[in-house]
Amino acid sequence: MLRLVAPGAPLADGQPAGNGQNRPASARRRALLLGLAGAPFAAWATTDPTAGLQRWGSGEFRRFGFLVYAASLWAGEDPLRPPLALQLTYKRNIAGAAIAEASVKEIRQLGLADEATLARWGGLMAGLFPDVRSGDAIIGEYRAGSAIFHFNGRLLGRIEEAAFARAFFAIWLDARTSAPDLRAALLQRSDGRG
């Protein structure tokens with residue numbers, strides 16, 4: 001609560017002003033305005049999606065011989081169950097809509113959703129995934145019941161649907177993935193205990 005009190009004057013209850021309340025009103029207003037100015041940026045606050053997880057493996061995804069992205073996996077003791085985080089560091093410029101389309105195609109090939117669900121998920125991903133340039137990184141965080149996405153250290157958003165989260169991370173981790181060599185590399189523990 002902000003109380004405007006003249007410098008050094010007692011408060012209405014007779015107590016001396018404390019905790020900076022004896023500063024001039026302009027200084028208090030300035031502090032309040034600076035605090036409020038930062039409020040919109042709280043949504044962009046970064047948190048480390050790999051915190052509390054162990055580094056597992058990493059590998060590269062190539063299409064027609066061209067390097068598309070490098071991938072790294074962080075997980076608990078079981079890299080096939082949440083919580084886990086998968087980082088894709090892109091080596092090419094790719095439109096966000098193309099990333100969403102490729103994700104839908106992979107989920108479809110795994111047979112993990114019907115066409116109506118795939119269309120809905122495709123729309124959610126297209127609205128969430130940005131266009132990427134070489135060097136950009138998207139981290140997908142798989143938590144129980146949701147997928148949370150970060151772009152270059154900034155929170156992009158989340159999809160609060162357990163079936164989506166399972167299907168999305170199955171693109172890389174399901175035994176039927178279209179990239180079995182990458183899956184094997186991701187599931188190899190970085191400390192050699194794979």
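Tutor: Start with Leu 156. Leu 156 touches Leu 128, Pro 130, Phe 149, His 150 and Phe 151, leaving aside residues up to four places away in sequence. This is a predicted model, where local features need pLDDT of at least 70 and side-chain atom pairs count only at pLDDT 80 or more, while totals for chains, interfaces and linings use all residues. Residues are numbered from 1 along each chain as its sequence is written, and side-chain values use heavy atoms, with hydrogens and water left out.

Student: What makes a pair of residues a contact?

Tutor: Heavy atoms within 4.5 Å. By that rule Phe 66 touches Phe 61 and Arg 92, not counting residues up to four places away in sequence. Phe 66 sits in strand 2. Strands are DSSP runs of E with at least two residues, helices are runs of H or I with at least four, and both are numbered from the N terminus.

Student: Why is Leu 156 called partly exposed?

Tutor: Its relative accessible area is 21%. Buried means under 20%, exposed over 50%, and partly exposed in between, with a 1.4 Å probe and protein chains only. Leu 156 is therefore partly exposed. Leu 156 belongs to strand 6.

Student: What makes a space a pocket rather than a cavity?

Tutor: Both are sets of points on a 1 Å grid over the protein atoms alone. In a cavity a 1.4 Å probe fits but cannot get out; a pocket is an open set with protein on both sides within 12 Å along at least five of seven lines. Lining residues have an atom within 4 Å of a point. The largest pocket is lined by 30 residues, with Phe 61, Val 68, Tyr 69, Ala 102 and Trp 172 nearest its centre.

Student: Which element gives the most to that lining?

Tutor: Helix 2, with six residues.
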